[in-house]
Amino acid sequence: MRGREGAFGVLLIKMLPSSAASEQEELDLISQLPDSILHSILLLLPFKDSARTSILSSRWRHLWEEAPLRLDDYYLCHNEHLVSWIFYSHRGPIESLHLYYFTRDTVDRFVESAVQRGIRELKLVGFVRRPYQLPSSILTCKSLHQLSVVACQFPQAVLPSIFPNLKELRLSCVMLRNDQLQILLSSCGSLDTLQLKDCWNSSVSSVSSPRLRKFTWKSSTVDELIIEDMPNLESLMLDEYTTRDCKVKVLNAPKLQLLGFLCANFQTLQLGGTLLHQQPASIFQVNAMPCRMAMLSSVKVLAINMEQSFNKTLLDLLRCFPCLEKLFILKYGGSCYKTHVDKEIWNEHSSLSFLDHLKTVTVKGYYNSQSDLELLRYLVGHGKVLRKIILLYSKTFNDEKFVEAKKRQFSVEKRASSDLELCFFIDTKNNVHFSLWNELIWEM
């Protein structure tokens, strides 16, 4: 394994006396490590690189076969013969298994064997038109920590206790009634993270869980989403159009810290005792019970989906989150150069309490319109602890002179924060995409 030591080999060589280090060309220091450490190293490598180590020397020939296996059918071009050969020739435990579009019989055999070998992560992608039922053996698997299912079905009869140690559950295109969902949540005693995408066949969905910390939800068919009782919920991730297309009510989530996306043209949004309601004529109303405002104060990270220009609704929304620290705005719908901008609405809200806490703002879909400029002036002039404003703009504005001009413009204007940094970046990703939340919100 000469010349392949990498960081591990270099570190060990530096620890040797000079006389021993002079013989490093004759030593294979990594191969002298215990099997347990080598297995950990192999687990960190991509699947193909891990398998290739078996040709390095006789010492490594069987290490890969005994190390925990991460097998992803996607990177093997869905070759069932090759996947089967690798799976059954490997003698060690199964760390993760991802299977796409296999037949029901093949999936049953793989899952049954993986359960016996202590699988920790499983992903199954079925056929949307012919979803197959989850193998019953996976429901009681004690080693399973992560499960991702696309276009599959749960067995008709659900056991009183399933997935005893499951931490993360991600379901997509899996039909669930409200009663089935509640049975699932009450049965999974260790569930921490739940992601549901297009999983309902009813008009109203209600979710409760005493343990859940992270909940991601997307549906194009539900009229009302109710978060009834989630005392430990910290993040609620909705797709970009949920609050526009349905009513959202979060009745009890006192630890909620991360919330979005909220559409500026929402129907009805209830957070604890605070009811946000918008009439068709864009008349924004807030009805709040002072004793229940604490839940809004817990939100530190907020994402808003803006259609067209920034307006009074945006500021009224921000007024409901007095302790906000990070703000992410997804803006789309054209440049809006001709949209009328009422500058007075910004002056009327110069003393909002969130300005005392806001540290980072990201605007995705910046068009340099008058509305955009007024928002920037407002934040620059009143953001007392603001550290960074990130503007992601279209390639049509990829002009160094444009960027430099804007930086100079706001560098000379009055700033409430002396440490403010203004950053311009070309937007290389699709503006309207559900994965935006996961990809960008934590980078702020």
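Colleague: How many helices and strands does the secondary structure of the chain come to?

Modeller: The chain comes to 15 helices and 22 strands, where helices (H or I, at least four residues) and strands (E, at least two) are DSSP runs, numbered from the N terminus. This is a predicted model, so local features need pLDDT of at least 70 and side-chain atom pairs count only at pLDDT 80 or more, while totals for chains, interfaces and linings use all residues. Residues are numbered from 1 along each chain as its sequence is written, and side-chain values use heavy atoms, with hydrogens and water left out.

Colleague: Why is Glu-95 called buried?

Modeller: Buried means under 20% relative accessible area, exposed over 50%, and partly exposed in between (1.4 Å probe, protein chains only). Glu-95 has 17% relative accessibility, so Glu-95 counts as buried. Arg-70 is at 34%, so Arg-70 counts as partly exposed.

Colleague: What makes Arg-70 and Glu-95 a salt bridge?

Modeller: The rule asks for a side-chain nitrogen of Lys or Arg within 4 Å of a carboxyl oxygen of Asp or Glu. For Arg-70 and Glu-95 the closest N and O atoms are 3.9 Å apart, so the pair passes. Arg-70 lies in strand 1 and Glu-95 in strand 2 (residues 94-100), so the pair ties together parts that are 25 residues apart in sequence. Arg-70, Glu-95 and Arg-120 are linked in a network of salt bridges.

Colleague: How many salt bridges does the count come to by this rule?

Modeller: The count is 12. One of them joins Arg-377 and Glu-374 at 3.5 Å, N to O; both lie in helix 13 (residues 370-382), three residues apart, about one turn of the helix.

Colleague: And what about Asp-73: which side chain of opposite charge is nearest?

Modeller: That's Lys-123, 11 Å away; Lys and Arg count as positive and Asp and Glu as negative, with His and the chain ends not counted.
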